[in-house]
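Visitor: I am new to this structure and would like to learn how to read it. Please take me through it one feature at a time.

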Amino acid sequence: MCRLFALTSHDPVSPMLAIKALDVMKEGHDGSGVGLLLQGLGGPFEEMKDAPILSGIFTEEGIRRLDLFMMDQGFLTKYKISLKTPKTQVEGIPKRNLYLIRAYELPEGWDLLDKEELAERLMMIRLKIREMGEEKKDMMVFSFWPDTIMIKEIGDPMQLAEYLGLDRKELHARIIMAQGRQNTNYAINLYACHPFFIKGYCTMTNGENTAFTPIKDFLLSRGFPGYVGYASDSEVFAHILHYSMTGLGLGIDAYKHVITPLQEEDLEKHPDAGFLSHLKRTCRPLIIDGPNCVIGTLPDHSLFMVQDRKKLRPGVVGGRPGLFGFSSEICGLDAVIPDRDKTKDIQPMHLDTAIVGPDRQEVNICRQTEALNLPL
Amino acid sequence: MSSNRSLEPSALSLNDLPWQIRYSNDRCTLCGQCTAVCPVQAIELKVFQKRILKTSVQPEKKHTADYDSFYGIRQKTRVENACIGCAMCAMVCPNDAIAPVKNPGLDRLKFHINQNGIPRRRGGRRNSSQSVLDRIKFIRISMLTDPALDAGRHEFEMRTLLGRVLSPRENMKRLKEKGWIPPVREIYPLIIGGMSFGALSPTMWEGLQMGVAYLNEELSMPVRICTGEGGCPPRLLRSRFLKYVILQIASGYFGWDEIIHAIPHMKEDPCAIEIKYGQGAKPGDGGLLMWHKVNKLIAAIRGVPQGVSLPSPPTHQTQYSIEESVAKMILSMSMAWGFRVPVYPKISASSTSLAVLNNLARNDYASGLAIDGEDGGTGAAYTVSMDHMGHPIASCIRDNYLNLIKIGKQNEIPIFAGGGVGKNGNLSANAAALIMLGASGVQIGKYAMQAAAGCVGTEEDRCNVCNLGICPKGITSQDPRLYRRLDPEDVAQRIVDLFVSFDTELKKIVAPLGRSTSLPIGMSDALGIDDLAAAERLSIKYVV
């Protein structure tokens, strides 16, 4: 089982905070990898909120092919960060040529596109680069989205953070999601590293997804080009989130009704019983059977945590106005926000979705038995 | 016969018969129960004569040659009286003096069981105990990476959907526009498949219905039962229990006059309407109720004269193209109940099943597809149809499910699998395998008869006289002397036992796979088989 830590802060903070949290939860991961999502960026990226940022790992040949491809598409580099790695290699971290974090100027005319069309095009560019990279094994791309950086690599989180020099001002962010990996297979595919990102929706999970195959089959057959990959059984959580919010127009309060619907008895008593029974039936192949704790972020920079029906995974949310942390274990939260009121810590249970909105003032608990904001 | 007489071609010896009676004269009390109970008069009381020679080496002693006669049981060797192996004689014998034994040699009766040019007809199912389903193992056990669940104490929701489920987007659109949304029933994934009133005795039918009602009302298990093609007793049609019943319409339309006239009086809608186009036991052949079983009651319910054989046509008379007539029939049946009742076809498994499925996929009124495999049972069919016609269920279900995935409708048209599920007694394992291959639920028939009423039929060609109305257990007979042997209350009790134990076993299968909140339909990553070709064919893992 992996360890997760996410935070949402009013002021941009260093990703090292999250790395520190993973480090104290070391017993729960084996240092086989780390994944980081940074949003609400401070530093130079603060000034270019609309410029899509490409995050990935490239070989020399890969970066040449990328440049040609991006130029063909009409993208111009606006700003880039080079993660300089030390000359001496650290055991357990593979040698890479280039960790790319590069913001692009949109091609001409793209700034006039409506939001949805632009999002679609950015996703298609990311998928194309991924496809090209998979062909020649020279490019890996994790996200291509405004105000978003993703870093994934094999190794112990703390060692890796030092190796990559993550404690730098340009990487300060308001939303940070980090996963310390507990590897369950020896051949580590970086595309299997959490968090998973699609069009502004991002999730990371711990636990194994026992209903993975039918869920994957269902998503793959939606005819939506972004629903691909599935090197990890947890990638489906991000895609279900995207499908339920953009495909079905549901709110985050309904996400849990899709992945772990109420059982019949509770459903009958729910104020929106009619709607929910339709949702349960039509989204039946998206029911996860856990055990999973899912932490995710939405395009409006809300951060949330849900547990599956069995509630077998640990998860805690706590903090103070302006800074909240979502952690697999309380020790992780203690390491990052020691001065919070611990009596207000919340461990979401099998019916809860814990949400901290973009204003970062409080933790809202949305119980599955409560009425919903219906999209009708 | 005498050794110097001519022989009839079909004169058989005991050695030629598939079942031979082993009889012990020492233990027999001559009570006559065995000869009375034998459904085919295979045995009779006979006087046997024995010559007893008494000789001595001493010449002065007298030599005698006396005749002793005694009574005993003799097995007849005529084709029509060949023992069927039902073992009722053994069951009634107070002294265990008699029992049939399977002849390990070649069954020569097979060559003669077409007297007067009529090929053999029988009940039962394909005489083969092979089963691909039995070879499928559940290999994805939750071990440490995710914990296995406690089948006894965890909460489970093992339900399935019967009805056309729209895609999430389309359903949302219709909710917004207040459009028509097809009816969907949430039911238990094990269904008692169509066995008609007529094929089954009144006591058996009543027992099944009582068992199903108990499961629903007392145990909250939404078990459903299909009527088969034989109509439905008028009182049931007008009762609240109709909601547990799937009414079947088949090509003979037997009983549908009564059903249509009862619609205005129905307190509840039926669970669903099953339109039977085919049956796995005899694909491409119609239903058959032989005249022996068409008594006054059956004739009244079916709306036919008494004492005539009732062969349903192989296809519905109105059907000349699947595109038009199936759609029309589904639509008419939907309309009859105001579009509140799911209507789905049942077909026999065939290499052409995909064409049917693709056709249904475009028809919103089609609520599902039931597919009956080659191992399905029947009350009466030609042996040749039963033994040699049809398609195995596992690969047919898999093909259909994978096709649904391809068109993105895997949750929209539930596929129900039937035909030999549990034929070797492994009901829950077979059912779970089919569900993980893609079935939304399974239908059973013969298993219910075997478990709930003690049907003695086997795939070794035992008994199988359901067609003749002489069922020794009273399950498929319309003769009150026979069906009185069966107490409906006992049948109901056993149906409840069957479903409750099935439920426990199903949980014992899904819990170690880490599944509890939804039925693992299409969870094919959990399956493995020790045959490479079968693994490839079913797209599951090959394990040795």
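**Reading the model, feature by feature**

Guide: Start with a loop: Pro195(A) is found in the loop between β8 and β9 (196-198) of chain A. Keep in mind that this is a predicted model.

Visitor: Which kind of peptide bond joins His194(A) and Pro195(A)?

Guide: The bond between His194(A) and Pro195(A) is cis, with omega at about -10°.

Visitor: Which residue has a positive phi although it is not a glycine, and where is its place?

Guide: That is Lys137(A), with a phi of about 55°. Lys137(A) has its place in the loop between α3 (115-136) and β6 of chain A.

Visitor: Next, the sheets. In which order do the strands of the four-strand open sheet of chain A come?

Guide: The order is β4-β5-β3-β6 of chain A, and the pairing is antiparallel. To read such a sheet, look for its edges. Here β4 (76-82) and β6 (139-146) of chain A each have a single partner strand, so one side of each is without a neighbour in the sheet. Neighbouring strands of this sheet are turned against each other by 20° on average, direction ignored.

Visitor: How many bridges join strand β3 to strand β5 of chain A?

Guide: Six bridges join β3 (residues 52-58) and β5 (residues 98-105) of chain A, and the two strands run antiparallel. As an example of a bridge, Phe58(A) has Leu98(A) in β5(A) as its partner.

Visitor: What is the strand order in the open sheet of six strands?

Guide: In chain A that sheet runs β7-β2-β8-β1-β14-β13, with antiparallel pairing. Its edge strands are β7 (148-153) and β13 (316-320) of chain A, each of which pairs on one side only. From one strand to the next, the twist averages 10°. Within the sheet, β2 (residues 34-41) and β8 (residues 173-180) of chain A pair in the antiparallel sense over seven bridges. Leu38(A) has Ile176(A) as its bridge partner in β8(A).

Visitor: Which helix packs on the sheet?

Guide: Helix α1 (residues 16-24) of chain A does, touching β1 (3-13), β2, β8 and β14 (323-327) of chain A. The direction of α1(A) makes about 155° with that of β1(A).

Visitor: Now the two chains. How many residues of chain A are in contact with chain B?

Guide: 29 residues of chain A are in contact with 32 residues of chain B. On the side of chain A that touches chain B, α5 (212-220) and α9 of chain A each supply at least two residues. By class, the residues on that side of chain A are 11 nonpolar, 11 polar and seven charged.

Visitor: At what angle do helix α9 of chain A and helix α4 of chain B pack?

Guide: The angle between α9 (residues 273-282) of chain A and α4 (residues 168-177) of chain B is about 160°, and their axes are 9 Å apart. An angle over 145 degrees counts as roughly antiparallel, and α9(A) and α4(B) are therefore roughly antiparallel to each other. Their crossing is right-handed.

Visitor: Which residues in α9(A) and α4(B) meet?

Guide: Phe275(A), His278(A) and Thr282(A) in α9(A) meet Pro168(B), Asn171(B) and Leu175(B) in α4(B). This contact of α9(A) with α4(B) has three nonpolar, three polar and no charged residues.

Visitor: Last, what does the domain assignment of chain B give?

Guide: The assignment gives domain 1 (14-110) and domain 2 (132-507 + 514-542) of chain B. The C-alpha centres of domain 1 and domain 2 of chain B lie 44 Å apart. Nine residues of domain 1 of chain B are in contact with nine residues of domain 2 of chain B. On the side of domain 1 of chain B that touches domain 2 of chain B, seven residues are nonpolar, one is polar and one is charged.

Notes
Residues numbered from 1 in each chain as written. Chains lettered and ligands numbered in written order. Predicted model: local features only at pLDDT ≥ 70, side-chain atom pairs only at ≥ 80, totals over all residues. Axes fitted to C-alpha atoms, helices over the stretch in contact; angles between N-to-C directions. Parallel < 35°, antiparallel > 145°, perpendicular 65-115°, else oblique. Left-handed = near helix turned anticlockwise from the far one by under 90°. Contact = placed C-beta atoms within 7 Å. Nonpolar A, V, L, I, M, F, W, Y, C, P; charged D, E, K, R; others polar. Domains from an automatic or database assignment. Pairing = 2+ DSSP bridges.
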